[in-house]
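Please read them with the structure open beside you.

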Amino acid sequence: VAEERQRIARELHDVIAHSVSVMTVQAGAVRRLLRPEQAKEREALEAVTKWRREFPSPPPAEAVRALRSEATCRARNGEHEAALRILDQGDRLAVTLPIAGRLENALARATIFSLQGRFEEERRLYESWKPVLSRAGEDALIARLLARESLGLSDRREFAAAAARLEQARDVLRDDPVERARVSIDLAATFYHAGRPARCDGLL
């Protein structure tokens, strides 16, 4: 099943996208060969090339998700380097996806770094995404990034650092009471595990 997902992902990008590009180039070449009196034919071919310019092929979001799923499976089986290579493929497909889709690939990569014990690379990845999301005004995604980072820190029993990330997430979510409440619950649990139950006051 995993191999079939990868095959479909490759075909979506490589075969379909390449075929559309070739079709557009050929249409443009034929249009230049038309005689002046072939106005209708010229107009039809111009419509093809204009459509391709104005409406580029959408990024294969399903292929990106399939690759990310495959990478996750490989990582769970301990095939970390193979998983990272698959995510590299997904990153190349995801360049024009909405920022949320690209972030999901980054979070998957961070998880693999954590599993490998490459904590400094994991940290740098998180740090590189924070200004990107901030410039985009994506508060909810910033909070998601911080919450995921705190989860990895908690797993390594770095509770103070984990709590700091969750407090930042709460600040970012000041206009979203529902998500803020969820982060507060996680923050209270982190304080409890850190042996600081008094800090839970006012959170729950």
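**Notes on the model**

1. Start at Arg-109. Leaving aside residues up to four places away in sequence, Arg-109 touches Leu-84, Leu-87, Asp-88, Asp-91 and Leu-125. Contact here means heavy atoms within 4.5 Å. Arg-109 is found in helix H5. Arg-109 counts as buried because its relative accessibility is 13%. The cut-offs, with a 1.4 Å probe and protein chains only, are: buried under 20% relative accessible area, exposed over 50%, partly exposed in between.

2. A word on the source. This is a predicted model, in which local features need pLDDT of at least 70, side-chain atom pairs count only at pLDDT 80 or more, and totals for chains, interfaces and linings use all residues. Residues are numbered from 1 along each chain as its sequence is written, and side-chain values use heavy atoms, with hydrogens and water left out.

3. Now the overall fold. The chain has nine helices and zero strands. Both are DSSP runs numbered from the N terminus: helices are H or I of at least four residues, strands E of at least two. Of the chain's 204 residues, 36% count as buried. Take the contacts between residues at least 6 apart in sequence: 49% of them join residues at least 24 apart.

4. How do H5 and H7 cross? The axes of H5 (residues 99-116) and H7 (residues 139-155) come within 11 Å and cross at roughly 5°. H5 is therefore roughly parallel to H7. Axes are lines fitted to C-alpha atoms, for helices over the stretch in contact, and angles run from 0 to 180 degrees between N-to-C directions. Under 35 degrees counts as roughly parallel, over 145 as roughly antiparallel, 65 to 115 as roughly perpendicular and the rest as oblique.

5. Next, the residues in that contact. H5 supplies Ile-99, Ala-100, Leu-103, Glu-104, Leu-107 and Thr-111, while H7 supplies Leu-141, Arg-144, Leu-145 and Arg-148. By class, the contact of H5 with H7 has six nonpolar, one polar and three charged residues. Ala, Val, Leu, Ile, Met, Phe, Trp, Tyr, Cys and Pro count as nonpolar; Asp, Glu, Lys and Arg as charged; the others, Gly among them, as polar.

6. Ile-99 lies in H5 and counts as buried, at 14% relative accessibility. Not counting residues up to four places away in sequence, Ile-99 touches Trp-129, Val-132, Leu-133, Ala-136, Glu-138 and Leu-141. Ile-99 and Glu-138 are 39 residues apart in sequence, yet 8.9 Å apart in space, C-alpha to C-alpha.

7. Which residues of H9 are buried? In H9, they are Val-183, Ser-184, Leu-187, Ala-188, Thr-190 and Phe-191. They cover an arc of only 160° around the axis, so they sit on the same side of H9. The arc is that of the directions from the helix axis to the C-beta atoms. The buried residues of H9 pack against H7 and helix H8 (159-172). The face of H9 turned away from its buried side carries the exposed residues Arg-182, Tyr-192 and His-193.

8. Last, check the backbone at Arg-157. Most residues other than glycine have a negative phi. Arg-157 is not a glycine, although its phi is positive, about 65°. Arg-157 lies in the loop between H7 and H8. At 62% relative accessibility, Arg-157 counts as exposed. Gly-195, which follows H9, also has a positive phi, near 75°.
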